[in-house]
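Please keep the sequence and the model in view while reading.

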Amino acid sequence: MPSSVGEGSPVQQPIIFAERAVRRGRTAVVVGAQWGDEGKGKIVDVLSESFEIVARYAGGHNAGHTVIINGKKFVLQLVPCGVLREGCQSVIGNGVVLDPLAFLKEVQSLRDVGVAVDSNLFVSNRAHVILPYHRMMELGSENAPGRVKIGTTSRGIGPAYEDKMGRRGLRVADLLDLPLLKTHIDNACREKNMIAHALFNSDPLDPEKMYEEYAAAAEKLAPFVCDTAVFLNRAIADKKSVIFEGAQGTMLDIDHGTYPFVTSSSATSGGAVIGTGVGPTSMDMVVGITKAYCTRVGGGPFPTEERDDRGEELRVRGNEFGAVTGRPRRTGWMDLPLLRYSNMLNGTTWLVVTKLDVLDHLKEIPVCIGYKVDGQETDSIPPQDSGFAKIECIYQNLPGWATPTEGFTRVEQLPREARQYLAFLEKQSGARIGMISNGPDREQTIFGDEFLATLGRPVPRPAPRKRGPKPRRSDA
Ligand code: GDP
Ligand code: IMO
Ligand code: MG
């Protein structure tokens, strides 16, 4: 008898798609391929040069997307990274859960540093609203004895999505409808206060105070609100280009991630359709962002986690501390079975490999090329935590380059071992690498020629070779 549901499934061999058709990318879904913090913010910012609109489709202010422009750091939580690019419009889609106070705070902090947010930032009237009782419920349940601790960001994300699916949520349009807001808060507080008191002994929340605060926030939010599905579809019909900015990562997806250690939204590329109201036929390409190694923050399985000094070295070199909570991120090596699974789930057309520079010090780089479970080699991703516990990673040590990659802007300038490492990831994961990031700044980015052409950008002539032998024929 199988000890875990799903064992013995026929999917044992890696699924590698033949090259996906490359279309001129007028619309692109940018998705995290791992457990979040892959550098989506930086990559969306870099790509936004070629796009007119950036639309967030999932999550809330649990996200922390870091963008560094000429040494100046911005951490965006709800507002899409396109806001930092002059002339680019930004949309917060219906799939996002919006804390109005967090949104207004972020908008104000952007205004304070001179970033334009008025008339170029739009919020869906159908996005669900996070209210204080969502945080109360989350804190109670995360700390309740006997509950599985997920290690959430404590932003009320899960309970807000629960209310959405339970059909008792408050949407942005309802927030602006003050009589409805009043009734909603009164009823919800009555219910949530009773539940939280009974289950977690929480102190009750005051509905009067809450109404005052959120009615005031509604007034400030109103100018941003519209039907963003109509806005986006009209823009696409007018041949405008759109990035759909993902939050979190594939392995944190509510359906496909390492459940229950996941977030509560559809972080995979499919979420872009539901979370914005733009049909799948309008999505031209999917750009998966992966670090050159792996990290995760919070609880849950992590097969390639490195708990010794080398893990600590990755954390320090990669500055692996949560952009939102400051928590140290767990670190480990590239996990190819997971990356292949992620590429399959997302239908990845292009991969972007970030934080290559963090591996610059290594003479050898371990890469997990497959799993062994009960002595059998497998590529299956288990559906349960208990299945992950049985995984033994099969590692291959690839030669490191042990030299700085800082400052390189062309693939052929990279050390031969770095190019070999990237070519290995490309071959083993079945998705072409379109871009490489070798530092946090906007400028520290290497484009592949074919990817540039897909974006409709001019492809530069080959630069004179600085070091290393002739590269193999590969985009990266
Ligand atoms: P996101 O949530 O996917 O947008 O990623 P985060 O912003 O939470 O975390 C990525 C971190 O890595 C940020 O601190 C970025 O500034 C940084 N970063 C992004 N790309 C690179 C890179 O290529 N090299 C280095 N060293 N840091 C990077
Ligand atoms: P970005 O967009 C990394 C993790 C939390 C926790 C789990 C559930 O910056 O990549 P939640 O508060 O969402 O209910 O927490 O998901 N998590 C993230 N980890 N990056 C993120 O976002 C994350 N958003 C949520 O740490 O393990
Ligand atoms: Mg982040």
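In this model, which is predicted, helix H6 passes helix H7 in a right-handed crossing. H6 spans residues 178–200 and H7 spans residues 207–221; the two pack at an angle of about 145°, and their axes are 10 Å apart. The side of H6 in this contact consists of Leu-178, Leu-181, Lys-182, Ile-185, Asp-186 and Cys-189. These residues meet Pro-207, Met-210, Tyr-211, Tyr-214, Ala-215 and Ala-218 in H7. By class, the contact of H6 with H7 comprises 10 nonpolar residues, two charged residues and no polar ones.

A second pair of helices is formed by H3 (residues 132–143) and H4 (residues 157–165), whose axes come within 7 Å and cross at roughly 115°. Angles of 65 to 115 degrees count as roughly perpendicular, and H3 and H4 are therefore described as roughly perpendicular to each other. The crossing in which H3 passes H4 is right-handed. In this contact His-134, Met-137 and Glu-138 of H3 meet Gly-158, Pro-159 and Ala-160 of H4. The contact of H3 with H4 divides into three nonpolar residues, two polar residues and one charged residue.

The account now turns to the sheet. Ten strands, 10 in number, make up an open sheet with mixed pairing, in the order E9-E7-E5-E2-E10-E1-E11-E15-E19-E20. Strands E9 (225–226) and E20 (445–447) stand at the edges, and each has a single partner strand, so one side of each is left without a neighbour in the sheet. In general, the strands of a sheet pair through backbone hydrogen bonds, in either a parallel or an antiparallel manner.

Helix H1 (residues 40–47) lies across several strands, including E1 (27–32), E2 (53–56), E10 (242–245) and E20, and runs at about 165° to E1. Helix H11 (residues 336–346) packs on the sheet as well, touching E1 and E11, and its direction makes about 160° with that of E11.

H1 leads on to the ligands. Which residues come nearest to ligand 1? Of the 24 residues around ligand 1, the nearest are Gly-39, Gly-41, Thr-66, Ser-437 and Pro-440. H1 and strand E3 (65–69) are the elements that give two or more residues to this shell. The shell around ligand 1 divides into 13 polar, six charged and five nonpolar residues.

Ligand 2 is surrounded by 24 residues, and the closest are Gly-36, Ala-63, Thr-153, Thr-263 and Gly-298. The shell around ligand 2 is made up of 15 polar, seven nonpolar and two charged residues.

Tyr-259 and Pro-260 are joined by a cis peptide bond, with omega of about 5°. Pro-260 belongs to the loop between E10 and helix H9 (270–274). Ser-119 has a positive phi of about 75°, although this residue is not a glycine.

Terms used
Residues are numbered from 1 along each chain as its sequence is written. Chains are lettered from A and ligands numbered from 1 in the order in which they are written. This is a predicted model: local features need pLDDT of at least 70, side-chain atom pairs count only at pLDDT 80 or more; totals for chains, interfaces and linings use all residues. Two strands pair if DSSP finds at least two bridges between them. Helices (H or I, at least four residues) and strands (E, at least two) are DSSP runs, numbered from the N terminus. Two residues are in contact if their C-beta atoms, placed from the backbone, lie within 7 Å. Axes are lines fitted to C-alpha atoms, for helices over the stretch in contact, and angles run from 0 to 180 degrees between N-to-C directions. A residue is near a molecule or strand if its C-beta atom, placed from the backbone, lies within 6 Å of it. Ala, Val, Leu, Ile, Met, Phe, Trp, Tyr, Cys and Pro count as nonpolar, Asp, Glu, Lys and Arg as charged, and the others, Gly among them, as polar. Angles under 35 degrees count as roughly parallel, over 145 as roughly antiparallel, 65 to 115 as roughly perpendicular and the rest as oblique. A crossing is left-handed if the near helix is turned anticlockwise from the far one by less than a right angle, and right-handed if clockwise.
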